Amino acid sequence: MNPLLDIFEGKKNIRLDAFMSISNAHYYSTRDPFGAQGDFYTSPELCQVFGEILGLWAYDCWIKMGSPTSFHFIELGPGRGTFLLDVWRATQKYWTDIDIEFHLLESSPVLQKIQKEKLENILKPIHWYKSIESISFDKPFILIANEFLDALPVQHFKSENGLQEAWVTYQNNQWSPCFKPSTQDIKLPDATKIYETSPSILNFMKMIYEKLKQQSSVALFIDYGYAENLGGSSLQAIQKHQFVDPFAHPGESDITAHVDFGALKKLAHDRALNTLGPIPQSPFLTSLGFQERVHFLASKLDNPHSFLRASRSLIDPLAMGQLFKAFAITNTDIIISGFSNDKN
Ligand code: SAH
């Protein structure tokens with residue numbers, strides 16, 4: 001048994017995107033990675049106001065979409081199901097006598113089980129899917145994905161004696177990155193830097209955009225990311241709340257890359273869809289009343305310090321406030337809340 005090789009079925013030379021995809025599939029399918037005992041925190045796990053405020057944001061979108069009496073609420077990568085429970089707590093008194101179906105995309109059996117235990121008896125009807133192709137998009141929908149895209153695989157290219165693509169090889173009991181000549185037809189925007197791109201994300205988003213074009217609908221993605229690809233690698237891995245070498249613990253650390261929202265925006269505009277953002281998480285949440293709700297809840301607590309500290313990290317520019325971006329896409333011309341600071 002060699003834990004560094006097993007999940008790759010003996011392969012010792014593998015493209016970077018395949019390495020990331022196999023590592024993350026193993027990582028998520030074998031554990032609950034969240035919280036103090038796990039590897040990292042996400043916004044909904046840190047503060048209930050994140051889900052509550054986005055629930056009200058979704059309700060606002062729904063009204064502006066013309067209050068469809070039958071619609072789908074879709075979440076991609078629901079983690080522990082905490083976000084959806086917070087959404088529901090904030091919105092259930094408004095969404096009465098409405099035919100809402102919940103559709104969840106989750107590839108991990110471990111997390112799906114946790115989600116089922118938490119949500120199955122509360123949100124009805126609710127359905128789980130392992131692939132986006134299986135989800136039914138035949139009704140108007142609101143789709144939300146927090147920290148989903150950053151787990152999808154990226155490719156790296158560089159220009160050195162022609163175009164080279166990043167691979168990962170196993171030698172001397174360890175994995176390390178290397179470059180090999182590529183036959184792909186890609187023109188690098190800056191020949192002096194590594195070019196990071198994610199065909200997986202682009203293809204995934206093409207599918208979502210197709211669905212968005214067919215129904216009056218809104219999709220919101222929140223993730224680590226940037227509006228303009230300035231070149232360079234953003235590949236990173238987290239284990240036990242520490243950054244680790246992305247190649248050192250395949251399948252045992254969370255390997256991510258920052259999302260190129262600029263590319264997603266262009267792809268949407270090519271399809272005549274409207275986009276909002278990307279804008280940093282801090283102004284997005286703040287304009288939706290995040291701080292007011294946090295202070296209201298804190299005022300009910302005897303000792304609000306840890307609650308306030310955790311809540312603050314969502315909007316602190318040095319924590320998640322700046323690096324995380326909110327990006328929305330819609331086929332309607334409704335004014336989506338939260339993006340009044342959008343300078344794009
Ligand atoms: N949205 C949650 C969890 C983010 S972690 C939160 O904010 O707390 C990423 C989530 O996406 C996990 O639930 C993981 O199992 C799921 N996931 C990762 N890659 C996936 C894939 N390719 N298909 C479906 N789900 C995936």
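Modeller: Let's start with two helices: H3 and H9 cross in a right-handed way. A crossing is left-handed if the near helix is turned anticlockwise from the far one by less than a right angle, and right-handed if clockwise. This is a predicted model, in which local features need pLDDT of at least 70 and side-chain atom pairs count only at pLDDT 80 or more, while totals for chains, interfaces and linings use all residues. Residues are numbered from 1 along each chain as its sequence is written, and side-chain values use heavy atoms, with hydrogens and water left out.

Colleague: Thanks! At what angle do the axes of H3 and H9 cross?

Modeller: An axis is a line fitted to C-alpha atoms, for helices over the stretch in contact, and angles run from 0 to 180 degrees between N-to-C directions. Here the H3 and H9 axes cross at roughly 130 degrees and come within 10 Å. H3 is therefore oblique to H9 (under 35 degrees is roughly parallel, over 145 roughly antiparallel, 65 to 115 roughly perpendicular, and the rest oblique). The helix labels come from DSSP runs numbered from the N terminus (H or I, at least four residues; strands are E, at least two).

Colleague: Which residues of H3 and H9 meet?

Modeller: Contact means heavy atoms within 4.5 Å. From H3 come Gln 48, Val 49, Phe 50, Glu 52 and Ile 53, and from H9 come Phe 290, Arg 293, Val 294 and Leu 297. Sorted by class, the H3 contact with H9 holds 6 nonpolar, 1 polar and 2 charged residues (Ala, Val, Leu, Ile, Met, Phe, Trp, Tyr, Cys and Pro are nonpolar, Asp, Glu, Lys and Arg charged, the others, Gly among them, polar).

Colleague: Let me pick one of those. Is Leu 297 buried or exposed?

Modeller: Buried means under 20% relative accessible area, exposed over 50%, and partly exposed in between, with a 1.4 Å probe and protein chains only. Leu 297 has 16% relative accessibility, so it counts as buried. Leaving aside neighbours within four places in sequence, Leu 297 touches Gln 48, Val 49, Glu 52 and Phe 307.

Colleague: And which residues of H10 are buried?

Modeller: In H10 (residues 305-315) they are Phe 307, Leu 308, Ala 310, Ser 311, Ser 313, Leu 314 and Ile 315. Their cover includes H2 (43-46), H3, H8 (281-287) and H9 (290-298).

Colleague: H3 keeps coming up. How does H3 pack on H4?

Modeller: H3 (residues 48-64) and H4 (residues 82-91) have axes 7 Å apart, at an angle of about 55 degrees. These two helices are therefore oblique to each other, and their crossing is right-handed. Among the contact residues are Phe 50, Leu 54 and Tyr 59 of H3, with Phe 83, Val 87 and Ala 90 of H4. The H3 contact with H4 counts 7 nonpolar, 4 polar and 3 charged residues.

Colleague: Now a strand, please. How many residues of E16 are buried?

Modeller: In E16 (residues 324-330), 7 of its 7 residues are buried. Phe 324, Ala 326, Ala 328 and Thr 330 point one way, while Lys 325, Phe 327 and Ile 329 point the other way.

Colleague: Which strands pair with E16?

Modeller: Strands pair if DSSP finds at least two bridges between them. E10 (residues 218-226) pairs with E16 in the antiparallel sense over 7 bridges, with Leu 220 opposite Ala 328. E15 (residues 274-280) is joined to E16 by 5 bridges, also antiparallel, and there Thr 275 stands opposite Ile 329.
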